[in-house]
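Please open the structure in your viewer and keep the selection tool at hand. The stops below can be taken in order, one selection at a time.

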Amino acid sequence: MDYLQRALTTFNGGNWYGWKKFDSDGNKIPNDQRMTYANIKVIKDGATIPSEAEVNAKIQELKDAETENQNARTTGKAKLKSGEALTDAEIKALFGDN
């Protein structure tokens, strides 16, 4: 799943959106061009489309969390090799929540 879809699932309780198949002129939107912010459609009653700024902020948040996790994995591995104590974030990155 790409960042846009991952971000969208965090709004409206998840599974609230789909992708338009036709543009406003009735032309079919090619599949490789459908999954964009401009082509979001609401498929769940009561759901609303978040602003593009909100979606972009969530995408950045997801990317930052992914980077932090990768950094924790890298430092955690180095610490394991050298015998240093690991932080909680490094333990989680290396071994999961369990």
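What follows is a short tour of a predicted model, going from a pair of helices to a group of aromatic rings.

Begin by selecting residues 52-82, which make up helix α3, together with residues 88-95, which make up helix α4; the two pack at an angle of about 95°, and their axes lie 8 Å apart. Because an angle of 65 to 115 degrees counts as roughly perpendicular, α3 and α4 are described as roughly perpendicular to each other.

Next, show the side chains where these helices touch: on α3 the contact is made by N69, A72, R73, T75, G76, K77, K79 and L80, and on α4 by A89, E90, A93, L94 and F95. Sorted by class, this contact of α3 with α4 holds 6 nonpolar, 3 polar and 4 charged residues.

Now stay with α4 and select E90, A93 and L94, which are its buried residues. Viewed down the axis of α4, the buried residues fall within an arc of 95°, so they line one face of the helix, and α3 is included in what covers them. On the face turned away from that buried side, look for the exposed residues D88 and F95.

For the last stop, which residues form one aromatic cluster? Select W16, Y17 and W19, which together make up that cluster. W16 and Y17 are both buried, and their edge-to-face pair has 5.4 Å from centre to centre and 65° between the planes. The rings of Y17 and W19 also have centres 5.4 Å apart, with their planes at 75°, so this pair is edge-to-face.

Terms used:
Residues numbered from 1 in each chain as written. Predicted model: local features only at pLDDT ≥ 70, side-chain atom pairs only at ≥ 80, totals over all residues. Heavy atoms only, no water. Axes fitted to C-alpha atoms, helices over the stretch in contact; angles between N-to-C directions. Helix = DSSP H or I, 4+ residues; strand = E, 2+ residues; numbered from the N terminus. Parallel < 35°, antiparallel > 145°, perpendicular 65-115°, else oblique. Contact = heavy atoms within 4.5 Å. Nonpolar A, V, L, I, M, F, W, Y, C, P; charged D, E, K, R; others polar. Buried < 20%, exposed > 50% of the residue type's maximum accessible area, 1.4 Å probe, protein only. Arc of directions from axis to C-beta. Phe/Tyr/Trp six-rings, centres within 6.5 Å; stacked < 30°, edge-to-face > 60°.
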